[in-house]
Amino acid sequence: MRAGIASLRHPFMRHACFIALTCVSLAQPAHAGLFDDEEARKRIEQLRTDLGEAGKRYESLNRNQLDFVNQLDTLRTDIARLRGQVEVLTFELDAAQKRQKDFYVDLDNRLRKLEQPPPEIKPEKPKVDPAAETHDYENALGLLKNSKFIEAANGFAIFIDAWPQSTLQASAHYWCGYANAQARDHVRAAECFGKFAADWPSDERAPVALESQVASLEAIKDAKGAKAALELLADKYPNSEAGKRAKLRLKRK
C-alpha cells in the first residue's frame with residue numbers, strides 16, 4: 001500500500017493518470033453526443049412520416065367533403081323536381097275530383113229538367129263545349145308535366161284567353177306562372193303569379209304564388225316590386241310558411 005502511494009508521487013505516474021482520466025472524461029460526452037444525434041434523426045424521420053400520413057388524411061377528407069357537397073346539390077335538385085311533380089299530381093287529382101262532382105251535378109240537373117214540363121222554347125245561346133275546354137287545359141298541363149315549359153306557358157295563356165268563365169282559370173294562372181318561371185320568362189311569370197294572388201286570395205296556393213312572384217321580380221332586378229310583394233305576403237299571410245319566410249327577409253333588409 002505504501003509502495004503504491006509512493007509510486008503515485010512519482011511525476012511520470014501522476015502524468016499518466018492525468019492523461020487516462022482525461023481520455024475517459026472526453027470519451028463519455030462523445031458517446032452521449034453520438035447517441036443524441038442518432039435519436040434526433042430517428043425522431044425527425046418519424047415526424048416526416050407522421051406529417052406525410054397527416055397530409056394524406058387531409059386530402060382524403062377534402063375529397064370526401066367535395067363529394068358530399070356534390071351529393072347535397074344533387075339531392076336539392078331532385079327534391080325541387082319531386083316537389084313540382086307532387087304539386088302537378090295533387091292538382092290533377094283535385095281537378096279530376098272536381099270534374100267528377102260537376103258531372104254528377106250536371107246529370108242531376110238534367111234529370112230534374114226531364115221531370116219538369118218543357119219550358120217555352122226560346123233561341124238558345126251557343127253553349128260552351130266542356131270537352132274542348134278540358135282538352136285545352138289538359139293539353140297545357142301535359143306539356144308542363146313533360147318539362148316543355150315554353151309550350152306549356154303558351155298553352156295556359158291561350159286557355160286563359162279562350163275560356164274566361166272557366167272554373168279552371170285560377171289553376172291556369174298559377175301553372176302559367178310556374179311554367180314561365182321555369183322557362184326563365186320572369187316578366188310573364190311575375191304577372192301570372194300576381195294576377196293569381198290578387199284574384200284568388202283565399203286559394204291555399206296564394207302565399208306560394210306571392211313568394212314565386214318575389215323570386216321572378218328579383219330575377220328581373222325589380223327590387224321595389226319585390227319588396228312590395230314581400231310586404232304583402234308577410235302582411236296578408238303571416239301564419240303561412242311563405243309568410244314567415246317573408247317576414248324574416250324583411251327583417252334582414
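This is a predicted model: local features need pLDDT of at least 70, side-chain atom pairs count only at pLDDT 80 or more; totals for chains, interfaces and linings use all residues.

Modeller: Buried means under 20% relative accessible area, exposed over 50%, and partly exposed in between (1.4 Å probe, protein chains only). By that rule Cys176 is buried, at a relative accessible area of 2%.

Residues are numbered from 1 along each chain as its sequence is written, and side-chain values use heavy atoms, with hydrogens and water left out.

The setting comes first. The protein has nine helices and zero strands (DSSP runs numbered from the N terminus: H or I of at least four residues for helices, E of at least two for strands). From the N terminus on, the order is α-α-α-α-α-α-α-α-α. Of the 253 residues, 24% are buried. Take the contacts with a separation of 6 or more: 48% of them join residues 24 or more positions apart (contact means heavy atoms within 4.5 Å).

Now to the cysteine's own helix pair. Cys176 is one of the α5 residues that meet α4. Helix α4 covers residues 149-162, and helix α5 covers residues 169-182. Their axes come within 8 Å and cross at roughly 150° (axes are lines fitted to C-alpha atoms, for helices over the stretch in contact, with angles from 0 to 180 degrees between N-to-C directions). The two helices are therefore roughly antiparallel (over 145 degrees; under 35 is roughly parallel, 65 to 115 roughly perpendicular, the rest oblique). The crossing of α4 and α5 is left-handed (the near helix is turned anticlockwise from the far one by less than a right angle; clockwise is right-handed).

Which residues of α4 meet α5? On the α4 side they are Phe149, Ala152, Ala153, Phe156, Ala157, Phe159 and Ile160. On the α5 side they are Gln169, Ala172, His173, Trp175, Cys176, Ala179, Asn180 and Gln182. By class, this contact holds eleven nonpolar, four polar and no charged residues (Ala, Val, Leu, Ile, Met, Phe, Trp, Tyr, Cys and Pro count as nonpolar, Asp, Glu, Lys and Arg as charged, the others, Gly among them, as polar).

Back to the sulfur. The whole structure contains zero disulfides (a disulfide is a pair of cysteine sulfur atoms within 2.5 Å). Cys176 is in none; the nearest cysteine sulfur belongs to Cys192, 3.3 Å away. Seen from Cys192, the closest cysteine sulfur is that of Cys176, and 3.3 Å is too far for a bond. Cys192 also counts as buried, at 11% relative accessibility.

Most residues other than glycine have a negative phi. Ser147 has a positive phi of about 60°, though it is not a glycine. Ser147 is partly exposed, at 46% relative accessible area.

Further along the chain, start again from one residue. Gln213 lies in helix α7, residues 206-219. Is Gln213 buried or exposed? It is buried, with a relative accessible area of 15%. Leaving aside residues up to four places away in sequence, Gln213 touches Ala190, Phe193, Gly194 and Ala229.

The axes of α7 and α8 are 8 Å apart, at an angle of about 165°. That makes the pair roughly antiparallel. Their crossing is left-handed. From α7 come Pro207, Leu210, Glu211, Gln213, Val214, Leu217 and Glu218; from α8 come Gly225, Ala226, Ala229, Leu230, Leu232 and Leu233. The classes are nine nonpolar, two polar and two charged.

The loop between α7 and α8 (223-236) holds Lys221. Lys221 has a positive phi too, near 65°. At 73% relative accessibility, Lys221 is exposed.

α8 gives Lys227, Leu230, Glu231, Leu233 and Ala234; α9 gives Ala242, Gly243, Ala246, Lys247, Arg249 and Leu250. Six of these residues are nonpolar, one is polar and four are charged. Leu230 and Leu233 of α8 take part in the contacts with both α7 and α9.
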